Amino acid sequence: MIYDSRGRDPQAPYDAYKDAVRTFYERETDRHGFNFRALGYKQRTSQQRRFAVLAEVGDLDGRSVLDVGCGLGDFVVHLSSRGIVPDYTGIDLCDHFVSACRRKFERPTGGPRFLAGDILDHERKPPYDYVVSCGLFGLRAEGTEVRVEATLRRMFDLCSRAVAVNFV
C-alpha cells in the first residue's frame, strides 16, 4: 500500500465514497425496486427535467455518449423517446444497476452498452463525443469533495466535444 507524506492512504477517501454509494443505492433498491425512486428522485418529472437540460449539450443523435453514473439507463430511454439514438455507453459503480441495464437493454445485435466500474479507471481511445452525468454527486458521503474534481477532470479527458453535468 502507498501512503502520502503524512502516513495516510490517499486512496481511502475514494474507497469510502464508493462504499457509501454502493451501500446507499443497494438499500434504496431494496426499498423501492428498480425505478427512479431507487435513484433518489421523489418524482419522475424531476429526473426528466434534468435529462432534458443535459440533452441540450449538443446533437447527440449518432454520436458517442458516455453516461457517468448511469443508474438504470433512464437517460438513454429519455433520448430514445425523443428520436435520439446515440452510440450510448453507461457506466456505474453499482453492479446491480449495471446488471439490470444489461438485461433490459443490451442485445447481441447492438444497442446501448453498460459497464460496471469507476469512471476514474475507465479508458477509451478515441474519446467519446459527449460525456454526461445526471445527479452523480447527489449523495453526501465521505470522500465526495475529493471525488468531484477528479471525476470532472476525467470526464473532460474522455470527451472530444462537451461535458454536461448537473448537481443536486
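Analyst: The model is predicted. Ring centres must lie within 6.5 Å to pair, and by this rule there are seven aromatic pairs.

Start with phenylalanine 24 and tyrosine 25. Their ring centres are 4.9 Å apart and their planes stand at 85°. Edge-to-face requires over 60 degrees, so the pair is edge-to-face. Phenylalanine 24 is buried, and tyrosine 25 is buried too.

Next come tyrosine 88 and phenylalanine 114. The centres of these two rings are 5.6 Å apart, with planes at 55°. Stacked needs under 30 degrees and edge-to-face over 60, so this pair is tilted. Tyrosine 88 belongs to strand E2, residues 87-92. Phenylalanine 114 belongs to strand E3, residues 113-116. The pair therefore ties together parts that are 26 residues apart in sequence. Tyrosine 88 has a relative accessible area of 1%. Phenylalanine 114 also comes out at 1%. Buried means under 20%, so tyrosine 88 is buried, and so is phenylalanine 114.

Ring pairs also build a cluster. Its members are Tyr17, Phe137 and Phe167.

Tyr17 leads on to a helix contact. In H1, Pro13, Tyr14, Tyr17 and Lys18 meet Thr144, Val146, Arg147 and Ala150 in H5. H1 covers residues 12-32. The axes of H1 and H5 come within 8 Å and cross at roughly 100°. The perpendicular class spans 65 to 115 degrees, so H1 and H5 are roughly perpendicular to each other.

Glycine 143 sits beside this contact in the chain. Its place is the loop between strand E4 (128-134) and helix H5 (144-157). Leaving aside residues up to four places away in sequence, glycine 143 touches Pro13 and Tyr17. The relative accessibility of glycine 143 is 8%, so glycine 143 counts as buried.

The relative accessible area of methionine 155 is 0%, so methionine 155 is buried. Beyond four places in sequence, methionine 155 touches Val68, Val131, Val132, Ser133, Val163, Ala164 and Val165. Asparagine 35 lies 120 residues away from methionine 155 along the chain, with 26 Å between the C-alpha atoms.

Now move to strand E4, where tyrosine 128 is found. The ring of tyrosine 128 has a charge over it. The charged end of arginine 124 sits there, 4.1 Å from the ring centre. The cut-off for this is 6 Å, together with an angle limit of 35 degrees from the ring normal. Tyrosine 128 has a relative accessible area of 2%, so tyrosine 128 is buried. Setting aside residues up to four places away in sequence, tyrosine 128 touches Ser64, Val65, Leu66, Thr89, His122, Leu158, Cys159, Ser160 and Arg161. Valine 168 is 40 residues from tyrosine 128 in sequence, and their C-alpha atoms are 25 Å apart.

The loop between E3 and E4 holds proline 126. Lysine 125 and proline 126 are joined by a cis peptide bond, with omega at about -5°.

Helix H2 spans residues 44-54 and helix H3 spans residues 74-81. H2 and H3 pack at an angle of about 70°, with axes 10 Å apart. That angle falls in the 65 to 115 range, so H2 and H3 are roughly perpendicular to each other. Their crossing is right-handed. On the H2 side, the contact uses Arg44, Gln47, Gln48, Phe51, Ala52 and Leu54. On the H3 side, it uses Asp74, Phe75 and His78.

Definitions and conventions:
Residues numbered from 1 in each chain as written. Predicted model: local features only at pLDDT ≥ 70, side-chain atom pairs only at ≥ 80, totals over all residues. Heavy atoms only, no water. Phe/Tyr/Trp six-rings, centres within 6.5 Å; stacked < 30°, edge-to-face > 60°. Buried < 20%, exposed > 50% of the residue type's maximum accessible area, 1.4 Å probe, protein only. Helix = DSSP H or I, 4+ residues; strand = E, 2+ residues; numbered from the N terminus. Axes fitted to C-alpha atoms, helices over the stretch in contact; angles between N-to-C directions. Parallel < 35°, antiparallel > 145°, perpendicular 65-115°, else oblique. Left-handed = near helix turned anticlockwise from the far one by under 90°. Contact = heavy atoms within 4.5 Å.
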